[in-house]
Amino acid sequence: MADYDRRGGGGGGGGYNSRKRQRYRDDHDDDRRGGGQRRRLEAPPHVRIRKQLLTIAESPMRPWHEEVKSTADLFTDNWDDERLRGNFVDLVLQLTVEQPLKVPFLAAVVLVANTNKPEIVDMLLTQLVSKLESRIRDGEWRDVKLYLKLLACLQNCLEGEGVFPVLEELFNRAVDLQTASSEDTIGTELVKIILLTLPYVMVAAPDQWQQKAAELMDKTEIIASEPHTLQALIEPYHAEDENDTAATSQSLIGLLQSQLQNEANNGWALTCLPRPWEFPLQDIEMQSKLSSAPKHTLPTISVPETVVAGPRPLFPEVYFSVYRDQDVESVPPVSNAAASLIRDALLDTINVLDFNRHVPARLLTEVDCFFGPRTFAPRATPFDVLRNFEPPKSTWKPEDVALDAVFCQLFQLPNPEHKLIYFHSVLTEACKLAPAAIAPSLGRAIRYLYRNSHHLDFELVNRFMDWFSHHLSNFGFTWKWTEWVDDVSLPDLHPSKAFIAGAIDKEIRLSFAQRIKNTLPEPYQALIGAEKEKETPDFKFADDKTPFATEGREIAALLKKKATDEEIQPVIERIHALAIDNNLDPLVASTDVFVTSVLHVGSKSLSHVLAAIERTKDRLTDIGASSEAARSQIITSVMEYWSAHSGVAITIVEKLLNYSILAPSDVINWTLVGLAGKTQGEALAQGYIYELVFNTVMKVTGRVRQLVNKRISAITLDSVPTDDAETAAAVEQEVSAMRSLFKDMEDALVAFATGTKDEIMETSDGLDRTEREKLVKRWGERWLRVFRRRAAIEEAYLIEKEKEREKKAAAAEKAAANGGAPAVDADGDVVVENGTSA
């Protein structure tokens, strides 16, 4: 109280900041006396228009034409504000590539503004063309597509043929590329861009360009209808044999070509696309202004003779859906252009906004706001209710369409654009935003993927397993496991049983065994052994019946005391002597005892075991360098000690790889030659074995890419280009090791895939043997397909990077010949001999 009194207040109304309080009371007294309301500050026009553009079309309660007109009027009414004019153009172009769902609505605002201030269109076109040319040079093909989409939506205010000349020019480049190589992917990407732009031209200027569109589509059919030579590499479904009816995927551009041909035959209805520039009959005056608005000349867009792939690797695409084969169409059928057009806008939104998972998740739950009226069924409509819908009422669930786009990316081969965890998080956020609407759709997607797991590419099965377990961890690990209860009794080699076991193992990694056990029905309980419920594994040398038990306990005690190598060495020598007396390999025996003791000492946590390895790194390195058998025993000891917690075991092996105690070839030999052989192929069905091999391969390929990029970045334009001999030799060595690794994997897996592995033939006879051989062969084929694809991807990467290195070296040589001043284009980019930017 004394402190309060010193502030000058004491009891009643005085005190801290009494003047401000008095002024506040006076304001309220004025209000009560009718003295007028307090003045409200209004945001400046550029702030208000920014807010309106950022949120345009997001509210289902406000008609599009009202939003478009109010935004355009706010802009034109404040035309004299120079800051507003600059901000408006910049913001429209920025939103075009950052929020692709809103492109038609941004174009509508520009079209309405054109009726009062036509100068804005010229300003916009000047900047747009400059950005478009820059993106074409750099190979930023998504931005090229989005800028062309904006131009297509503005087609009605462009003079002449508008956007068609640039589409024709892009097609000419595509023909050149396809003629040069049937494996070219840039030409395929250009054709896809052309086909995705045409529909927006047709809705922006209906009944005007049908002949021109038909002529262009006749040309694109040459490329779009021809299956790409690399398509088999990215096929997500694979039949088990010639009698199997596995689902097949269609080429995206081939599908798009046929869809647009159907639309052309039906007069380009394209009812799914929004037309925010169309006003209702009661606003006929505004519609009349739009029809008679000034037209503008589109500046010439130059396309370089040689176009580049850009920063993102390009591969042919297939149309993948987890909602196919349903008795009610909850997503657009592949025969409808809406399937590709809606999917394309959603994919761009998801991939562009990867820096903030909340925004794409929110936009996905509001997808029906951005497409034509009556395109979708009402939100959160139960699937069973859709059965009662009569045409022309749509049965397309907006939740299914949105989730299908995310799954399309999550299961994209060979690689999605972003890390898999990003797509996990988008699905999680969407489910949190609208659980009642999203959760049932996710359930149907999970059931579809599980039913088709035996046909799905094995890499995709493992992505599904990772997402499924991660998703359950975010929602209390609840799932209707009773639906799959019959599959628990299947053999371990069966794909469904393998998925269940793998998913439960990953759930335990994200929680603990007892909690997961409590979420599972009784038949599943046997899949979680008692050893998984222990906090730390048993130390096998604690049992006197175990060979070298005394020595094992002694080494463990020394390690706990952080003893020196000199103190440990006598015990190791004693183990060697005992092993020789028992006709055992002394090095293998001592390695098992030492490594197991290290793991036991560090078993309290992952950080403890990593610290224990760090302290004994020198001895472990010496052991690894001594023989292949010793390195194999290191892996065996790790995997046996942590057999109940495979995630920990994999992390430890990866740490040993980082320290070069183990080599990648050791992991491949241990898994695909040793373990797979000993288990007669059953190891191929275990998810953690695939994870260990896949992570090892990705570590090797990542190292190769790092060195290749380092070699390229060493070439600078301000000095005479020289190729560092040391770096070049390191690259060659790593590339050679990578190729050798893939060859070893090929040799090991072919034996299983073709049924020539001796261990398979030595199993039980009769029908059981035949069925087992069939399952093992199938696992071998699935593994082989995954790593053949990985090898092909890396070879393609090396070819592209070598071209990039040669191009950069040529630019550097030219710069040196010019006295250190490289040739540049209008944007300041270095130009090499073929006219492209380096």
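Predicted model: local features only at pLDDT ≥ 70, side-chain atom pairs only at ≥ 80, totals over all residues.
Residue numbers start from 1 along each chain as its sequence is written, and side-chain values rest on heavy atoms, with hydrogens and water left out.

The protein chain is built from 34 helices and two strands, taken as DSSP runs (H or I of at least four residues for helices, E of at least two for strands) and numbered from the N terminus. Of its 838 residues, 52% come out as buried; here buried means under 20% relative accessible area, exposed means over 50%, and partly exposed is what lies in between (1.4 Å probe, protein chains only). Among the contacts (heavy atoms within 4.5 Å) with a separation of 6 or more, 73% link residues 24 or more positions apart.

The search ran on a 1 Å grid over the protein atoms alone: a cavity is a set of points where a 1.4 Å probe fits but cannot get out, while a pocket is an open set with protein on both sides within 12 Å along at least five of seven lines, and lining residues have an atom within 4 Å of a point. Grid points are joined across faces, edges and corners, and a volume is the space filled by probe spheres set on the points. At least two lining residues each come from helix 20 (458–473), helix 21 (495–510) and helix 34 (766–817). Sorted by class, eight of the lining residues are nonpolar, three polar and one charged, where Ala, Val, Leu, Ile, Met, Phe, Trp, Tyr, Cys and Pro go down as nonpolar, Asp, Glu, Lys and Arg as charged, and the others, Gly among them, as polar.

The second largest pocket has a volume of about 700 Å³. Its lining runs to 33 residues, with A501, D505, K532, Q686 and Y688 nearest the centre. The pocket lining splits into 15 nonpolar, eight polar and ten charged residues.

F75 and F88 make a stacked pair, 4.1 Å centre to centre with 20 degrees between the planes. F75 belongs to helix 4 (residues 64–77) and F88 to helix 5 (residues 82–98), so this pair ties together parts 13 residues apart in sequence. Both F75 and F88 are buried.

Charges over rings show up too (NZ of Lys or CZ of Arg within 6 Å of the ring centre and within 35 degrees of the ring normal). The charged end of R705 sits over the ring of Y797, 3.9 Å from its centre, and that of R619 sits over F594 at 5.6 Å. R705 is also touched by E794, whose other contacts beyond four places in sequence are T701, M738 and F742. E794 lies in helix 34 and, at 3% relative accessibility, counts as buried.

The loops hold a few backbone features. The peptide bond from P391 to P392 is cis, with omega near 5 degrees, and P392 lies in the loop between helix 16 (383–386) and helix 17 (398–410). Another cis bond joins L413 and P414, with omega about 0 degrees; P414 is in the loop between helix 17 and helix 18 (420–433). L270, not a glycine, has a positive phi of about 45 degrees and is buried at 2% relative accessibility. S660, also not a glycine, has a positive phi of about 60 degrees, sits in the loop between helix 29 and helix 30, and is exposed with a relative accessible area of 57%.

Conventions:
Phe/Tyr/Trp six-rings, centres within 6.5 Å; stacked < 30°, edge-to-face > 60°.
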